[in-house]
Amino acid sequence: AGMVAADALASRGFEDLHVFDMGRRATGGRASVRRTQEGYFFNHGLQFLRLDSPKVSSLAAEWERAGALMEWTGRHGRLDASTGNFAPRSDCEPGAHPGFCSFLEPGKLYVNGGLTEHLRRKNEPGVRVELGCKVSAIDGSGGEGGAAGPWRLRGSKFGEPVHTFGDFDAVVFTDAMAGRKGSPGHVLLNGEVELGSLFPVLDEVRVKPVFSLMVAYARGDVSCDFDAASVVGSEAFQFVSAENAKPNYDAVGVDCDSFVALSTFERAEDLLERHPQQKNFKFVEQTKDYLDPIQADLLANFESLLGCEGKVPVYAKAQRWGGAFYSSGGGGVSRGLKSYVDEGRMIALCGDYCCETSTAENAVLSGLDAAERLAGMLP
């Protein structure tokens, strides 16, 4: 949502746009990929995109031509974990069982070919992206009590505290964690005001966490009759993908079969009860000691799902996505809003958490909506 909003504003002629990203290696957040030191490659977050809305179809075509999106075809369908039966996507009745993020519904599927990095390069130097940044405070210098901009942003960069990022006429927040105490993205306005008091939707957002399992086996050790499957009948997983079959697969120096499996929401909640992600209002770091028991649990279920018990993976790693998906019952959602803007303060929210369903397409639409609304207010 953030890079799309910046791109949309840049296309309208706005300059001196800044994007502050908490990611240390690259932009993208949940849409980023994992490249390990050993050379393994995983789409450990966003599995695919559907861009069916007429409003984004032309953008999708443009991004595909640039290689920033790649069409994903293959042996896709539904896997029944209780029977082991696989039904191709073409045999799945539309609307009967849409599958994980509507994976089984008709329509074009894309994988990320580096979309946010493409938008970053396309708009330089008018859009400046800074990585490793955690904005924790915005302080206003205008209006009564500093209640309006320009806004001075403060926080940390690559762990170094008390970093001033600069003064800005308008600020767009794209992470719902900005309104969640104890989260890495939590932000206070003028030292005391919670963003939720300005945007009630932030207090109404409900987080739906998942865990992803990244696992690789020696070539040929695991037999798989599909490239990706929306899973039913499993207590552990809702989606499994063979990474080698994705057009963006980019492993280096390793010969293996790689997979990503996304947990069900229920299994994630169960794991988080045993391994909380927050203690004393502080997020627990994803250390090896924290992740190892989670990885062991998920790996055992993965082996059972694909019938590869006894095969030893050459790589396995779990990833906690505490804010993987969102649900919101906010009034704005019921009115069809895609973004929220405080016109007096020139502060906006955008992201999939602003929308009725938590999808990549809605993140794009929300970023476009926020940019369009701010463009009409900025000088």
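I began with the contact of H1 with H3. Met3, Val4, Asp7 and Ala10 in H1 meet Thr116, Leu119, Arg120, Lys122 and Asn123 in H3. I took contact as heavy atoms within 4.5 Å. The residues of this contact divide into four nonpolar, two polar and three charged. In that count Ala, Val, Leu, Ile, Met, Phe, Trp, Tyr, Cys and Pro are nonpolar, Asp, Glu, Lys and Arg are charged, and the others, Gly among them, are polar.

I noted the provenance. This is a predicted model, residues are numbered from 1 along each chain as its sequence is written, local features need pLDDT of at least 70, and side-chain atom pairs count only at pLDDT 80 or more, while totals for chains, interfaces and linings use all residues. Side-chain values use heavy atoms, with hydrogens and water left out.

Next, geometry. H1 spans residues 2-11 and H3 residues 115-123; they pack at about 30 degrees, with axes 10 Å apart. Helices (H or I, at least four residues) and strands (E, at least two) are DSSP runs, numbered from the N terminus. Axes are lines fitted to C-alpha atoms, for helices over the stretch in contact, and angles run from 0 to 180 degrees between N-to-C directions. H1 and H3 are therefore roughly parallel to each other. My classes were: under 35 degrees roughly parallel, over 145 roughly antiparallel, 65 to 115 roughly perpendicular, the rest oblique. The crossing of H1 and H3 is left-handed. Left-handed means that the near helix is turned anticlockwise from the far one by less than a right angle; clockwise is right-handed.

I then turned to H9. Of the 16 residues in H9, 13 are buried. Buried is under 20% relative accessible area, exposed over 50%, partly exposed in between (1.4 Å probe, protein chains only).

How do H1 and H9 cross, left-handed or right-handed? The crossing is right-handed. The axes of H1 and H9 come within 8 Å and cross at roughly 40 degrees. H1 and H9 are therefore oblique to each other. Val4, Ala5, Ala8 and Leu9 of H1 make the contact with Val364, Gly367, Leu368, Ala371 and Ala375 of H9. Its residues divide into eight nonpolar, one polar and no charged.

I checked the backbone. Most residues other than glycine have a negative phi, and most peptide bonds are trans. Cysteine 101 has a positive phi of about 50 degrees, and serine 102 one of about 60 degrees. Cysteine 101 sits in the loop between strand S6 (86-88) and strand S7 (110-112). Serine 102 is in the loop between S6 and S7. Cysteine 101 is partly exposed at 31%, and serine 102 is partly exposed at 31%. The peptide bond from glutamate 124 to proline 125 is cis, with omega near 0 degrees. I found proline 125 in the loop between H3 and strand S8 (127-130).

Last, I looked up valine 210. Valine 210 lies in strand S15 (residues 205-218) and is buried at 3%. Leaving aside neighbours within four places in sequence, its contacts include Gln238, Ser263, Trp321 and Phe325.
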